[in-house]
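Dear colleague,

Please find the structure below for your records. My notes on what was found in it follow.

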Amino acid sequence: VQMLWVNLIMDTFASLALATEPPTEALLLRRPYGRDRPLLSPTMLKNILGHAVYQLVVIFTLLFVALQRDQRPQGARRAQRL
């Protein structure tokens, strides 16, 4: 059942990506890319790596802040909850 949901979500996003931009005449007339051409352009790679670094920084910042908050003495945490 989970694989069906994953398939549904992934197919929905792919179909939306294809359906949101109408085909232009220039796009339909251009020659196909060759087999030796890279799938990801240098700009796409920069964007992917930039977003990955950003997400890692945010996740690790949140993780370390949570760990620092959790290192208080047990009595101080219990008194704060009361």
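What pattern does the chain follow when read along the sequence? The pattern is α-α-α-α, and the secondary structure comes to four helices and zero strands. Helices (H or I, at least four residues) and strands (E, at least two) are DSSP runs, numbered from the N terminus.

This is a predicted model, in which local features need pLDDT of at least 70 and side-chain atom pairs count only at pLDDT 80 or more, while totals for chains, interfaces and linings use all residues. Residues are numbered from 1 along each chain as its sequence is written, and side-chain values use heavy atoms, with hydrogens and water left out.

Residues 1-19 are 95% helix, with end C-alpha atoms 27 Å apart. Residues 48-67 are 100% helix, with end C-alpha atoms 28 Å apart.

Of the 82 residues in the chain, 1% are buried (under 20% relative accessible area; exposed is over 50%, partly exposed in between, with a 1.4 Å probe and protein chains only).

One aromatic pair was found in the whole structure. The ring centres of F60 and F64 are 6.2 Å apart and the planes are at 25°, so the pair is stacked (centres within 6.5 Å and planes under 30 degrees apart; over 60 is edge-to-face and the rest tilted). Both residues lie in helix α3 (residues 42-70), four residues apart. F60 is partly exposed, at 43% relative accessibility.

Technical notes
Phe/Tyr/Trp six-rings, centres within 6.5 Å; stacked < 30°, edge-to-face > 60°.
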